[in-house]
Amino acid sequence: MKVIEKSKVWFGLSTAIIVLGLIMGMISGFNLGIDFTGGTMMQIHMGKTVPVDEIKDTIKEFELDADVIHAGTNKEEIILKTKKDLNSESRQEVFNKIKETYNLKDEDFRQAEQFGPSIGKEIQSKAIQSILIASVLMLIYISFRFEFKFGVAAILTLIHDILVVLALFAIFKIPINNSFVAAMLTIVGYSINDTIVVFDRIRENIRFLKKKNYGLLVNESISQTIVRSINTSVTTLMTITFLYILGVESIKEFALPLVLGVGVGTYSSIFIASPIWVMWKNYEVRKKGYGGR
């Protein structure tokens, strides 16, 4: 495979997605869920499965722009999440509308909670801290087992994966909530695992390296591991995709970023991580060459 020869294509593609996503995020904002913006959550027992669009149509007069997800063993409950802070009177008005439409009882209004944006900030802060700590520990481990340059390339690849998924969420206006944060932390673990497999093969093959042709070395190493990487990713994606198709809304919220993350992680372990390492090694070779003149 000629992965290294087309490094500019891979870097350009990733940069274009990230820049486009960040620009759209800055212009129109990210679609932050109730966990980050604060708002109101209402849980109502419907006694049967009612389509989400039907619920939204029932309460459209309140202009809540609410997220509606199913809950309960048989999806017989709904959870309304709105970014608006609804007082007890407003919540009761919304429930009364649903109650009249579906002939419910007062006790079917199970619970209601209000969230402040401070909860979202705390979750965001903890997530960033977790990723930073994990990145430092992984950098130490990879540097000890492999080489410092491998560690830096792996961490840059992790940052790339998170930014690409975040950009895709911004471009397609997908809601960002707690599930997204949990999925991102899972992706960090998956991505580094796939990258290490490629690095390990590079380390094994480096003893056969001649004339410091790192590009050729990496191309050969990727060719030897790409089938394993693709097979692992496809089987993982199949499982997560079925979770997304068959799962309830809360499971779908977690599965979607995982699907995107696994795909991006597989791509980056082949087309981003190793080219970064090759660029660094080639820079060293050129620097030493110039120094010797």
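**Chat: the strand sheet and the helix pairs**

Biologist: Where is the place of His70?
Modeller: His70 lies in strand E2. Strands here are DSSP runs of E with at least two residues, helices are runs of H or I with at least four, and both are numbered from the N terminus.

Biologist: What kind of model is this, and how are residues numbered?
Modeller: It is a predicted model, where local features need pLDDT of at least 70, side-chain atom pairs count only at pLDDT 80 or more, and totals for chains, interfaces and linings use all residues. Residues are numbered from 1 along each chain as its sequence is written, and side-chain values use heavy atoms, with hydrogens and water left out.

Biologist: Back to His70. Buried or exposed?
Modeller: His70 is buried, at a relative accessible area of 11%. Buried means under 20% relative accessible area, exposed means over 50%, and partly exposed is in between, with a 1.4 Å probe and protein chains only.

Biologist: What is His70 in contact with, leaving aside neighbours within four places in sequence?
Modeller: Thr49, Val50, Val52, Lys75, Glu77, Ile78, Val248 and Glu249 are in contact with His70. Contact means heavy atoms within 4.5 Å. Val50 is 20 residues away from His70 along the chain, and their C-alpha atoms are 8.5 Å apart.

Biologist: How many residues of E2 are buried?
Modeller: Four of the five in E2, residues 67-71, so the strand counts as mostly covered.

Biologist: Which strand does E2 pair with?
Modeller: E3, residues 77-82. The pairing is antiparallel, over five bridges. Two strands pair if DSSP finds at least two bridges between them. Ala71 has Glu77 in E3 as its bridge partner.

Biologist: What sits between E2 and E3?
Modeller: Five residues, and the two strands form a hairpin. Gly72 in that turn has a positive phi of about 90 degrees.

Biologist: In what order do the strands of the sheet run?
Modeller: E2-E3-E1-E4, four strands in an open sheet with antiparallel pairing. E2 and E4 are the edges, each with a single partner strand, so one side of each has no neighbour in the sheet. Neighbouring strands are turned by 15 degrees against each other on average, direction ignored.

Biologist: And what packs on the sheet?
Modeller: Helix H4, residues 88-102, touches E1, E3 and E4. Its direction makes about 30 degrees with that of E1. Axes are lines fitted to C-alpha atoms, for helices over the stretch in contact, and angles run from 0 to 180 degrees between N-to-C directions.

Biologist: Why is E1 largely enclosed?
Modeller: Seven of the seven residues of E1, residues 39-45, are buried, so the rest of the structure largely encloses the strand.

Biologist: Which strands does E1 pair with?
Modeller: E1 pairs with E4, residues 109-115, in the antiparallel sense over six bridges. E1 also pairs with E3, antiparallel, over six bridges. Gln43 stands opposite Gln111 in E4 and opposite Ile79 in E3. Met42 faces Leu80 in E3.

Biologist: New topic. Where does UniProt place "transmembrane region"?
Modeller: The unreviewed UniProt entry gives residues 9-32, 151-174, 180-202, 230-248 and 254-280. UniProt positions are in the numbering used here, feature names are shortened, and annotations may be inferred rather than shown by experiment.

Biologist: How much helix is in 180-202 and in 254-280?
Modeller: Residues 180-202 are 100% helix and 0% strand, with end C-alpha atoms 33 Å apart. Residues 254-280 are 96% helix and 0% strand, with end C-alpha atoms 36 Å apart.

Biologist: How do H7 and H8 cross?
Modeller: The axes of H7 (residues 178-205) and H8 (residues 214-246) come within 9 Å and cross at roughly 150 degrees. The two helices are therefore roughly antiparallel. Angles under 35 degrees count as roughly parallel, over 145 as roughly antiparallel, 65 to 115 as roughly perpendicular and the rest as oblique. The crossing is right-handed. Left-handed means the near helix is turned anticlockwise from the far one by less than a right angle, and right-handed means clockwise.

Biologist: And H7 with H9: what angle and what handedness?
Modeller: Roughly 25 degrees, with the axes of H7 and H9 (residues 249-271) coming within 8 Å. H7 and H9 are therefore roughly parallel. H7 passes H9 in a right-handed crossing. Contact residues include Tyr190 and Asp194 of H7 and Gly261 and Gly265 of H9.

Biologist: Last pair. At what angle do H1 and H6 cross?
Modeller: Roughly 50 degrees, with the axes of H1 (residues 7-28) and H6 (residues 148-171) coming within 8 Å. H1 and H6 are therefore oblique to each other. Their crossing is left-handed. Among the contact residues are Gly21 and Gly25 of H1 and His160 and Ala167 of H6.
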